[in-house]
Amino acid sequence: MSAPLHIHLTPGDEAPLYRQLVRQVVAAIASGHLAPGARLPSLRELAKTLVVAPLTVKKAYDVLEERDLIETRRGQGTFVRLDAGSSSREATERLRPLARRLLVEADLANVDPEALSLLLDRERTRLREERETREEAS
Amino acid sequence: MSVLELTNITRVFERGLPVLDGVDLTIEAGQVVGLLGQNGAGKTTLMRIALGMLRPQTGTVRVFGLDPCERPVEVKRRVGYVSEDQVLPPYLRVKEVLALHRSLYPSWDADFADELLGRFSFQGKEKIAKLSKGQARRVAVTCALAHRPELLLLDEPAGGFDPAARREFLETALQLLADEGSAVLFSSHHMSDVERIAGRVAVLDRGQKIVDRDLDELRESTTLAVLAANNGVVPLDLKALDGCLGARIVRDELHGLFLGSPEAVRSRIASVSATQSPRFAAITLEDLFIELVEGRR
Amino acid sequence: MSFALYRHERVVRLTPVISALSALFTLLVGWTLLGVFTRLETSNGQPVFDAEDALLVLLLPLLQTLVFVLPFLPVRTRVQDHERSLPVTRRTLVVVRIAATWTALVVPLLVSSGLILMRLRGEGHAGALLLPVANLVCALTLVVLLAFAWKPAKERLSILETLGLALVAALVVYVSLYGGLQGIGLLYLAASLVAAFVIHRFVPASTAEDPAADTTFVEDVGPGREPLLSPLTRTILKTTALRPFNVTALFFLVVCIGLIGVDNPVLMLWFPIALPIHVLMRSLTLLNGFDALPIARARLFPWIALPTLAALVVGFLLMGVFPHEYRSYDPVANAVELDSFSEDALGAEGEYSLHVRTPPQLWQLATTADARLVEAPWGESFRPLPHAVLWGAPLVVFNPYDVGPQSSVRFLTWQLARALSVAHGLHLTPEDIHARWFADLHPDTKLDDVKKSGLDPQPWSALTAARGTTSPRKFGSLVALAVFFWFLSTAWVLRRNVPARTLHLWRRARTRRIAMSLGLALVFVLLFAFTLRDDALLPVLGALAHRSLDLALGTSAWAWVGFDLVLAVVASLVLVWRLNRIEVPPLPRTGWKKCEVSVF
């Protein structure tokens, strides 16, 4: 049984659908919604639920696989890699645009750097708490 | 062997300009090609030529390796066709329309047809004449899909559908695609539909194919550069640049659509205008289409 | 408001064009036809005119008006969909439609009748034509009113109603042409009163549709009510052969050929060619609905093309059952008879040269003047008048039993004896004939000196009536003729829809088509002006062709059936091959024929 994925694609967006898919799966892995070792839905299943071409899903999975986030085990399906959460230089690189966006937004909203780091700390704590409660539940 | 192979197709109607002018298009099994173009760009003519309803003046048409004009029945049996102006006999009931198609297509899948009918919430006893336009189109779609065609030619299939029905239709087409590996050539003005199911897009403009690429690749390799208009640079300057797909003036901005990364485009534009530095905008598929077609005027 | 509606009716806007076409047609065909009817009689130069022929001349403008106007006529549609949204009552719409239809029918008719009357002005017959013109206008008015009074609550007429209406219309036109003004006048008055009352009383003011008629979901159909034919067959039938227009046109085809005949070039081009072309063109357009389906064209062919063939065959067979009487001044006749032209159309006495008229199959072909020489045993000879087959070519047909003003009475009796024996198998000696019917004339008297008025044209009718004519029934050749016309018209329609093979040719297609139409028009005019002015020619050539075929086939009915079948099959094979190569003509989306867009 694969984990429920809360993915919503918006055609008409600036990013191509497969990019959106990659972004959301990465976010799910990062936030722990997709735990390492979790099974991802098959290409056809996901394509059917998202109403997109199977090729689009395949493309996204390929990208994810290239980034060493997921792996396909022959005859069993696609799984999140056990070492998916571990950071690497590439991951930092990936975070750079997000960080930049955060800074720009903060600047626009007149949030000074101290308030911003405070905000980041608070969110981090909340995320950790959420992860712990989920682990207890399972 | 390609499912559909159009080579150097030219078609002229009795009066006026060529509707198609040397168009090539090849579709392999399992490919979904979105055919984009403004009204009158030749999309419908291309589809009709692919089905052998029209003959091109030059070039060859091969569907499953056969010439659809010479062996129309064999070809049409393996193709599903939905068009904008499709009509069904108004005096027949929905069930009878299905029976009519069933008698013509040996590969008709009655269970699938029933499933589709149910999905579109028909009982089968309704007379076509009493159906609304959208409902009648659903019956036509059912007829085009239920024989599990190897090639689907969809000419504005979802025109007149409400959003829910359009989604339903896409789901059905995708299911067929996944089950059978059918090839699909479909034209639509709904870019979001194209984005959902097309792997490749071909853009027709005034009878010529201007783009034929993988959809995502096209989107990621094109860049829209925005400059201030009335500043010494005219669209023609941009059009002369390498990799320029189109340029046009939108109010006080000059838009140029380029193939290549922003950095490469910036250096190319610098050769035309030393003073201006372009701004790069991320665009949606719809904008891309508009820039592409309008920028060639 | 209603005048604005009227002005924008398609037929009204087209009326000037249709009138111009009618005028052109009248000038080309009508006047030439009049030229034929009032031509100088070949031997003595006297004009000949017949009132019945004048009616035919009048029918012509009517026919062409119908042919030009019918495609645009909203006869079966009372209220169009987009008109429902207009802020007018349905009654206004119906009245506007009646007025528009009437205008489109009557204005061109008046234009072409006027032209004919102008042509006849100097000849004293004009007065005789005014009555039929008035009658025709009355009849058309009545037809239009009837068309719209017919079940006014419905938007469109069914096939049966259309057919019934066509029958009534044909009857009314017929009565109005051959009946006096009084009878039709009364009928007209009564019918228009009824129609006006019906429209006033029953055409609802509201343009909304009856809600009771709009039931999207129908109740369960019992097993006993399942239609007999498969949906496919039913659809094909309803789309092609059973289209109301096609049924009506084919019905007209049968009636027109069967009752009016095709013995002159106008009718010949009109009924067996123009009408099938109309039907076929529509059927081909309707193929749009089948074009994307995997149905072989050969499978559709019978439904598209065979109804016209059937109509033509039935029409021609009817023509054989009710043989057309040759007109009084024709040099050909159904039986051997004396032609003395004792009176003309207006009843004026006039004496002309005496001729022996014979059935066309007794005529002969000749290429030289010597071949035409007929010589009696005692040395007296006569060279019958030549009827040129082709203008300028030496080939002629002639009546070898004819006599001239310089022939003697004895020569006349000798010719009659030969003719009666060949045509009716009545073996009488010349002396016998002289004794029976010309006893008061001396054998050596010149025919020029014989008083011809009051001469019985067929004094031998009592003897020949029992025997009939030896001329065989021409059914076999009539069917062959039907196949020929069918092939011609079908091939022409298909030819129009075969796309040009190369780009270059395609660009020239339009020019070529215009050139072809002009060429056809020219041929048409030339046919009239030079060759077919001679009324004898068509029947004679037809009869000669039939005779030679009959000789070849040994006069056996089975041989004829086989011949016709082979002809039909070969023609069908060629046409199917053609049909496979055509492109189905596109549906008109905008423009003139917008209301015809429904395919099935």
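The legends below describe close-up views of a predicted model.

Residues are numbered from 1 along each chain as its sequence is written, while chains are lettered from A and ligands numbered from 1 in the order in which they are written. Because the model is predicted, local features need pLDDT of at least 70 and side-chain atom pairs count only at pLDDT 80 or more, whereas totals for chains, interfaces and linings use all residues.

**View 1. Chain B as a whole.** Chain B contains 11 helices and 13 strands; helices (H or I, at least four residues) and strands (E, at least two) are DSSP runs numbered from the N terminus. The C-alpha trace spans about 70 × 40 × 35 Å along its principal axes. Of the 297 residues of chain B, 49% count as buried, that is, 20 or more other C-beta atoms, placed from the backbone, lie within 10 Å of the residue's own.

**View 2. The open sheet of chain B.** Six strands form an open sheet with mixed pairing, in the order β5-β6-β7-β3-β8-β9; two strands pair if DSSP finds at least two bridges between them. Strands β5 (79–82) and β9 (208–214) of chain B are at the edges with a single partner strand each, so one side of each has no neighbour in the sheet. Strand β8 (residues 200–205) of chain B pairs with β9(B) in the antiparallel sense over 6 bridges, and Asp205(B) stands opposite Gln208(B).

**View 3. Helix α6 of chain B.** Buried residues of α6(B) include Phe169(B), Ala173(B) and Leu177(B). Just after the helix, Gly181(B) has a positive phi of about 65 degrees.

**View 4. Surroundings of Val184(B).** Among the residues that Val184(B) touches are Val32(B), Leu152(B), Ala173(B) and Leu177(B), leaving aside residues up to four places away in sequence; contact requires C-beta atoms, placed from the backbone, within 7 Å.

**View 5. The side of chain A that touches chain B.** Here 16 residues of chain A are in contact with 19 residues of chain B. Helices α1 (17–31), α2 (43–50) and α3 (54–66) of chain A each supply at least two residues of this side.

Definitions and conventions: Buried ≥ 20, exposed ≤ 12 C-beta atoms within 10 Å, placed from the backbone. Contact = placed C-beta atoms within 7 Å.
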